[in-house]
Structures are given as C-alpha cells and as structure tokens.
Amino acid sequence: MYREYSVSFFGYLLFGVFVVLTLVFIALPKVVIGIIQYFQGGISLSYFAIFGLVLYFFLMISFFISDTFLATIHTPFNSYWRIYVREDGLYGTYLWEFSRWVFKRPRKICNWEDIKRVKFRGYICFAFYRSIVYLKNDKKFSITNIGISPYEIDKYYHTENEYEKSFIYSNRMLYALIMRRIGIENFEDFKGPLKGGVLEEIRTALTETDRIIEEDKNVIKEMEERKKQIEQEEEEERKLKEVSETKDSPDARKEPKQQ
C-alpha cells in the first residue's frame, strides 16, 4: 500500500478554529452570563430566547462530551496531521514538523502487528472528531477527523467524482485500509445509534481496498524501476566523469620522453 492522508488545513481553520473554538471561548461565556443574569432578574427574555440559550448551552456541553473540543485542541500539537499507509505499517508527521511533511520524510509510528485496537471518539459522524490507535506496548496516538479530512492529498481535489471523494480518497478509505490489516474485531466504538453509520461507511470503502492495493503495487513498481533507472544514469555519469578527469589529469597530458 502507498497512500498519504492529511488533515485539510483550511478545513481545520474553518471547522475547528472558527466554529468550535469561537463558539466555546467567545459565544459560550456570553450565553452563560446571559442565563445567570436572567435568573438573577437582571435582564428580560422571551420564552423563545430562553429556549435558544438553553439549547445552545447544551450544544456546547455536547462539544466537550463528544470529544469535539479535545480533538480541535489536540490536532495541531500531538495528533498526527498526516498519516502514511505503507506495506510495513503506519507512518506520520505532526503539523509543526514542516520539513518532514514537505519533503515526505515521515517517522514510522508502528508496524501493523503492533496495533491492538482503534477506538472512535466521536458520537455522531467523522467530522470534528478523532480516533485513538492503541498499541500493544501500551502506547497510543491520535488520528484527527476535522471536516472532510483526512483525505488522500494527491487525488482528493483532482476528481469531480463524489463517490471517489466520499470513499476512495477520504478518511473512510484510510480506516478501511487499517481495518483490512488488523480486522474489524479490533475497531471499537465505531457503531452506535448516533454515529451515522460510520462503520457501514468504512465497510463500503472496504470493498475498494483490493483495487487500491493493486493500484499501489503498480505505483511502487514504477517508483522502484524509476529509482533503478536514476541510479543507473548516475552511475554512468560518474564513470564518464572519472574517465574525463583521468584524461585531463597532468600525468595523462604529459608527453612521453624522447629516446
């Protein structure tokens, strides 16, 4: 397998920073103050306004209970911004590791056999949430799902096919490839009455994994052939350079002594 998934930076700014953090840090304090002032008799509100404030208050509480707020906070610091799916395991880079994800030098996170289970932290759908990958050595790491991400960065924005965007190049396929390796029995909390059929979406993507793996085998083969070709060209250039340097050396230019 040779896939590269990433959080959308624009998606994180829009959904994570603007929506979640603005609502929690700016709007929520105002709502709480408004409710307190109402019960203290400081302001007069209509029943509709009271209902709206209470509804909004419980919406904010759900942000904390459903891991939305923590997912937003974790994303730029200790949740992997990019996940690289390879034959030998998972690789990744954090957002602040600029040189790693620009030059594609990710660190290896784990082998496939090291994964113990994958736990979904959301309560409704993929958006605004994260998943925790638990390893057999008692370590763990997070995969963030903000908005439409993680998406297969080389192809997601280059297709108009909505099916491909939804399943082949989206986080559904990321989890499907992981499920293909570790088994559905090691996926925890991916199904429930409020989760919008997350597990079913992964299963739909799972039907495409054979084709994805075959495509990746061809890609890897082409990359290896290209690498060999480049190495061969570099070796030929090196030999030509050595021959040229030998001809231009002082000893080679020295005229033979006359007898």
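These notebook entries record what I looked up in a predicted model.

**Conventions.** I numbered residues from 1 along each chain as its sequence is written, and my side-chain values use heavy atoms, with hydrogens and water left out. Because the model is predicted, local features need pLDDT of at least 70 and side-chain atom pairs count only at pLDDT 80 or more, while totals for chains, interfaces and linings use all residues.

**Entry 1: strands.** I looked up strand S6 (115-120); strands are DSSP runs (E, at least two residues), numbered from the N terminus, as are helices (H or I, at least four). S6 pairs with S7 in the antiparallel sense over 5 bridges; pairing requires that DSSP finds at least two bridges between two strands.

**Entry 2: tyrosine 123.** I found tyrosine 123 in the loop between S6 and strand S7 (129-135). Tyrosine 123 is partly exposed, with a relative accessible area of 41% (buried means under 20%, exposed over 50%, partly exposed in between; 1.4 Å probe, protein chains only).

**Entry 3: helix H6.** I checked the length of helix H6 (residues 171-182): its 12 residues should span 16 Å at 1.5 Å a residue, and its end C-alpha atoms are 17 Å apart, which agrees. The expected span is 1.5 Å times one less than the number of residues. I recorded 10 of the 12 residues of H6 as buried, including Met173, Leu177 and Ile182. Glycine 183 follows H6, and its phi is positive, near 95°.
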